[in-house]
Amino acid sequence: MMDTTFAPRRAATGAAMLFAVALTLAACKKSGDEAKAAGADDIAAVTVGPENVAVVSMKKIETGPEMSGSLEPDREATIRAEVNGAVLQTLADQGTRVAAGAVLARLDDTGFRDAYLSARSGMTSAQSGADLARREADRAEKLLAAGAIAERDAENARRANVAAQSQLADAKARLTQAEKQLEKTTVKAPISGIVSVRNVSAGDLASPGTALFTIVDPSSMRLEGSVPTDQMSAVRLGMPVTFTVQGYPGRDFTGRVTRINPVADPTTRQVRILASIPNAGGTLVGGLFAEGRVSSESHSGLVVPITAVDQKGFAPTATRVKNGKAEKVSVRLGLEDPATETIEVLSGLAQGDTVLTGGVLGTTPGTPIRVRKTTDQASAQVLQPVVR
């Protein structure tokens, strides 16, 4: 006979099991919903600053050996005293523009003027004696031909004429030397330009070799720098040089390579090159530090910041913002311009595309991107979505 006392117990056990299964299914559903919500949080919009966004644009890109150095005037002259004498007067000061031949200073010429007058007097006397000796020699030759004097007398006249002519030549040389010494007491500018240094004042005593003035011609400057020997194949005479100058932010200057040293520095293994820079407006001044490079190759192309390209992988990639979301694209690169920190993009991006740079370059594809808009301090910062 079957025991029926366990039937209610079996029914209760089945109901408990069904309830447990229902609880399990509810828990799984809840876990799935939470995971889905967590996934939604994982692709939440990323906010970036304007400094982390760049627009692909068409610009001129250059490459070539870099060079740096100080700007110096292409033409410069230091005027030194050539005679002893006290400085009587200075006629030019620093910053004065002078023409070639302009008088800059006068030295005491008392002794030199006396010597000049004496030499001129001696030359006059020697000239008179030479003229007389020449006439006597001519007369003696005629008398000798007529048989009126002996050969010995004619020979004496010839010797006297030679001696007189020699004395005249010596007197002329003395006069020329005295005249030059007198002229040296008047200091003149050898070139046109601007007085950059005045070393003496009235009352100073000058001696041969004493620096008096320095004149520079600011119409042309020169930049001298060094280029590694392994880059010399990219440098030729006449190539353009683009550089910036300390003190002129945001301005670019250009020049041309005019000289290349034929010998490399044995210590640095670099070759000195010299570039000439037109400076007709007088904008540049000597002594300023300049940095630039020889433009061995230059053309226009699509460029982006170097920090906008990830070159660590097998192929370079960029992160483009399209329809407000990050998108990873492969790119083909061209010239790299270290001076402007840009690189040419040959394919993969189009003009006007927006790309991420710097620390946000590795943003996960599909992530929404919002750019923080820069405003003045009186306004609040606004989050601006990027849609392209």
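I began with the secondary structure and counted 3 helices and 24 strands in the chain, taking helices (H or I, at least four residues) and strands (E, at least two) as DSSP runs numbered from the N terminus. I note that this is a predicted model, in which local features need pLDDT of at least 70 and side-chain atom pairs count only at pLDDT 80 or more, while totals for chains, interfaces and linings use all residues. Residues are numbered from 1 along each chain as its sequence is written, and side-chain values use heavy atoms, with hydrogens and water left out.

Entry: chain totals. I find that buried residues make up 31% of the 388 residues, where buried means under 20% relative accessible area, exposed over 50%, and partly exposed in between (1.4 Å probe, protein chains only). Of the contacts (heavy atoms within 4.5 Å) with a separation of 6 or more, 74% are between residues 24 or more positions apart.

Entry: helices α2 and α3. Buried residues of α2 include Y116, M123, D131 and A140, and their cover includes α3. Among the buried residues of α3 are N161, L168, L175 and L182, with α2 (110-146) and β8 (186-188) included in what covers the buried residues of this helix. Just after α2, I read a positive phi of about 80° at G147.

Entry: nonpolar cores. I looked for sets of buried Ala, Val, Leu, Ile, Met, Phe, Trp, Tyr and Cys residues joined through side-chain atoms within 4.5 Å, and the largest such core has 21 residues, with L71, F243, V245 and L284 making the most contacts inside it. Elements giving two or more residues to this core include β4 (66-80), β12 (240-245) and β14 (270-278), and the largest share, 4 residues, comes from β14. Leaving aside residues up to four places away in sequence, I see L284 touching L71, M221, V245, Y248, F253, I277 and N279. A second, separate core of 19 residues includes V87, V98, A105 and A206.

Entry: L212. This residue is found in strand β11 and counts as buried because its relative accessible area is 1%. I find that L212 touches, among others beyond four places away in sequence, I79, V187, V197 and A206. The C-alpha atoms of L212 and T90 are separated by 9.8 Å, although the two residues are 122 apart along the chain.

Entry: positive phi. Most residues other than glycine have a negative phi, so I looked up two exceptions. R269 has a positive phi of about 60° and lies in the loop between β13 and β14; N323, with phi near 55°, lies in the loop between β18 (317-322) and β19 (325-330). R269 counts as exposed because its relative accessibility is 54%, and N323 counts as exposed at 54% as well.
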